[in-house]
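Me: I have a model open and have not looked at it before. Can you walk me through it?

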Amino acid sequence: MTDKVKAGIIGLGRLGRLYAQLIREKVKHVDLLAACSLSQEELAFAKSKLNIQYAYTDHRQIVNNHDIDALFIMSPPMHHAMHIIDAVNAGKHVFTTTPLATNVEDCNRVIEVVKNRPSQVTMVGFEHRYDDAYIKAKDMITKGNIGKPIFIQTSTFEKEQTDSYYKQYAPQSGGIFMELNIKNLDIIRWLTGKEIKSVYSSGGCYKHDIFERFQDADNVMSQIEMMDGTMASVTASRLAQDGFNTRTFVMGTEGSLEIQDHSPMEAIRIYDTDGIRIEVPQNYFERYELALIEQANDFIKCIMESRRSNSSIIDGLEATRAAVGMTKSFLLGSKVILRE
Ligand SMILES: NC(=O)c1ccc[n+]([C@@H]2O[C@H](COP(=O)([O-])OP(=O)(O)OC[C@H]3O[C@@H](n4cnc5c(N)ncnc54)[C@H](O)[C@@H]3O)[C@@H](O)[C@H]2O)c1
């Protein structure tokens, strides 16, 4: 391999387009050469603004392009497993955004394929693992600074959108637990170093009845028990009025800590005719941009240094297992045991 990894991207939608720009402008030692999308408009953008050489509408064309060493997968969740399996089988290193897949069976199919390809890097996008505040908090917990964790509260609140937006997007989202809580589930596993034993979820459509059509919700809460007895509560809302945020609080036997939702823009106070205010991230990408850059840089470094990634497909599997369990619990109205 040369001093640059040659990469492609599958999916140029809300996330993929931003991600492609970030790879092009801010990630080191990578050339983004190829893109795949079902939309001609998105591919035209990739050619004109990102200097993409190869533009495809079928993922099999990009995975079989011999000029490409690595693929970033930013397609809708239900396609992730197929795209990852085909890419790994074609010899590519693979980074996928979350979820790894929308069901445990698909995650296991990915694991079977990856197991036979140990020299290829695979990585699942849990970017809080690259966020300065989360890294510091994890370090403090590991050193015992707050004693033994007793409970963790973690939430994701997303800015409210319109019903017409939800109509298009809800059928593909994987549901609120998969979509908004998948990172929270990894936060709990990563901070405690423990697996999830059981989940009990509730919620409903408090404002947008459209989600009922998809057996989904606009606000949910889950109570979680870890294998060592640590408790967690995980919440998600689609009704945030200010912007996007993820918050995490950890109560320990000797102290507690809160990881606040601070992006660089929140460090600035604005004084104007509206009074004193701060601006907040409007979406997930704005909140985690720096961590996403670090994470993508690390994916490329893992390839160049032939080492394993910091967020594996097993982490992807366990987060999906818990999100599936939460969806089941929400639909059944009862606790779901994930492991004894
Ligand atoms: N939007 C966010 O804030 C956000 C945040 C975190 C993770 N994600 C994840 O990112 C992924 C993409 O989400 P999005 O919001 O950008 O979706 P999107 O619907 O806006 O875009 C999907 C993209 O995938 C392409 N695509 C669809 N089916 C395809 C197929 N069969 N083959 C090749 N390309 C195909 C579409 O053409 C489009 O470019 C999802 O897995 C989502 O869970 C999104």
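Me: Which residues in H9 are buried?
Reply: In H9, these are Ile 182, Lys 183, Asn 184, Leu 185, Asp 186, Ile 187, Ile 188, Trp 190, Leu 191 and Thr 192. Buried means that 20 or more other C-beta atoms lie within 10 Å of the residue's own; 12 or fewer is exposed, in between is partly exposed, and C-beta atoms are placed from the backbone. This is a predicted model, where local features need pLDDT of at least 70 and side-chain atom pairs count only at pLDDT 80 or more, while totals for chains, interfaces and linings use all residues. Residues are numbered from 1 along each chain as its sequence is written.

Me: And what does H9 lie across?
Reply: Helix H9 (residues 182-192) lies across S7, S8, S9, S10 and S11, at about 155° to S7. Helices (H or I, at least four residues) and strands (E, at least two) are DSSP runs numbered from the N terminus. Angles run from 0 to 180 degrees between N-to-C directions, with axes as lines fitted to C-alpha atoms, for helices over the stretch in contact. Contact means C-beta atoms, placed from the backbone, within 7 Å.

Me: What comes just after H9?
Reply: Gly 193, with a positive phi of about 70°.

Me: What is the strand order in the sheet of 7 strands?
Reply: The order is S12-S11-S7-S10-S9-S8-S15, in an open sheet with mixed pairing. Strands S12 (255-259) and S15 (336-337) are at the edges with a single partner strand each, so one side of each has no neighbour in the sheet. Two strands pair if DSSP finds at least two bridges between them.

Me: How many bridges join S8 to S9?
Reply: There are 8, and the two strands run antiparallel. Gly 203 stands opposite Val 220 in S9. S9 and S10 are also antiparallel, joined by 7 bridges, and Asn 219 has Ser 237 in S10 as its bridge partner. The hairpin of S9 and S10 has 4 residues between the strands, and Gly 229 there takes a positive phi near 95°.

Me: Switching to H11: why is it largely enclosed?
Reply: Because 15 of its 20 residues are buried, H11 is largely enclosed by the rest of the structure. H11 lies across S8, S9 and S15, running at about 45° to S8.

Me: Which strands are in the sheet with parallel pairing?
Reply: That open sheet has 6 strands, in the order S3-S2-S1-S4-S5-S6. Its edge strands, S3 (54-56) and S6 (122-124), each pair on one side only. H1 packs on this sheet, touching S1, S2 and S4, and its direction makes about 155° with that of S2.

Me: Now the ligand. Which residues come nearest?
Reply: Gly 11, Gly 13, Arg 14, Leu 15 and Leu 38, of the 24 residues around the ligand. Near means a C-beta atom, placed from the backbone, within 6 Å. H1 gives the most to this shell, with 3 residues.

Me: How does the shell divide into nonpolar, polar and charged?
Reply: 10 nonpolar, 11 polar and 3 charged. Ala, Val, Leu, Ile, Met, Phe, Trp, Tyr, Cys and Pro count as nonpolar, Asp, Glu, Lys and Arg as charged, and the others, Gly among them, as polar.

Technical notes
Two residues are in contact if their C-beta atoms, placed from the backbone, lie within 7 Å.
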